[in-house]
Amino acid sequence: MNIYSKSKAANVLNRCSWCGSDPIYQAYHDYEWGKPIFDDQKLFALLCLESMQAGLSWITILKRKEALYRAFDGFNPLILAAYDESKINALKDDATIIRHAGKIYAMVGNAKAYLKISKQQSFSEYVWGIVKKHQGQAPLDRMPKCESEIPTQTKASIALSKQLKKDGFKFVGPTICYAFMQACGMVNDHVQSCNFR
């Protein structure tokens, strides 16, 4: 069963309006979005999913999340970095995932970049450190009154994007990086009326 199939009290609690009435979206909002993540591989997997989202809606990714984890070997960077053309071609033919050749190649390249960084420091220290340096603190509780107050990118997401690209990552623009920051709890953008702040 999809982990997003149900959310407790789905029609009773106040939520950020972006998750609408879709139970998959609501469960993601309630139990994952904005919760701080410090595990290296979980952060890498989340960044991969955010990169896959580029040009698409997040609900598209959520509905394919289990298939993406299966197809990309749990986003294990050691396995991903070793993908050959045969594996990549098989992924291009997999109708259950996002079959964008550029994004598939990017996942392989991003895994290689991750492994290079991990020789120097943990990926968690790397990404959280960049954000803290440019955001002043992380996690940061922004306390927006409404969603129109929530930015699509910030000084910190621009800096994170710039560093990730410098270190070999692709599909990590400032907007993708800000969505990643929101998702992994570097910034809390739940609106003030949300019961899940």
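The largest pocket of this predicted model has a volume of about 410 Å³. Of the 17 residues lining it, those closest to its centre are W18, W33, Q53, A179 and Q182. A pocket here is an open set of points on a 1 Å grid over the protein atoms alone, with protein on both sides within 12 Å along at least five of seven lines. A 1.4 Å probe fits at these points, and lining residues have an atom within 4 Å of one. Points are joined across faces, edges and corners, and the volume is the space filled by probe spheres set on them. Rolling a probe the size of a water molecule over the atoms shows where empty space is left.

Helices α1 (23-31), α2 and α10 (174-183) each supply at least two residues of this lining. The largest share, 6 residues, comes from α10. Helices are DSSP runs (H or I, at least four residues), numbered from the N terminus.

Residues are numbered from 1 along each chain as its sequence is written. Local features need pLDDT of at least 70, side-chain atom pairs count only at pLDDT 80 or more, totals for chains, interfaces and linings use all residues, and side-chain values use heavy atoms, without hydrogens and water.

Q53 belongs to α2, which covers residues 40-53. Q53 counts as buried because its relative accessibility is 15%; the cut-off for buried is under 20% relative accessible area (1.4 Å probe, protein chains only). Beyond residues up to four places away in sequence, Q53 touches W58, I61, K103 and I176. Contact means heavy atoms within 4.5 Å.

Of the 14 residues of α2, 11 are buried, so the helix is largely enclosed by the rest of the structure. Among them are L43, F44, L47 and Q53. D39 caps the N-terminal end: one of its side-chain oxygens lies 3.1 Å from the backbone nitrogen of Q41. Just after α2, G55 takes a positive phi of about 85°.

F123 lies in helix α8 (residues 123-135). F123 is buried, with a relative accessible area of 0%. Leaving aside neighbours within four places in sequence, F123 contacts D40, L43, F44, L47, Y114 and F169. The C-alpha atoms of F123 and V191 are separated by 29 Å, and the two residues are 68 residues apart along the chain.

How values were computed
Buried means under 20% relative accessible area, exposed over 50%, partly exposed in between (1.4 Å probe, protein chains only). A polar contact is a pair of N or O atoms within 3.5 Å; within protein, one must be able to donate a hydrogen and the other to accept it, and residues adjacent in sequence count only if both atoms are side-chain atoms.
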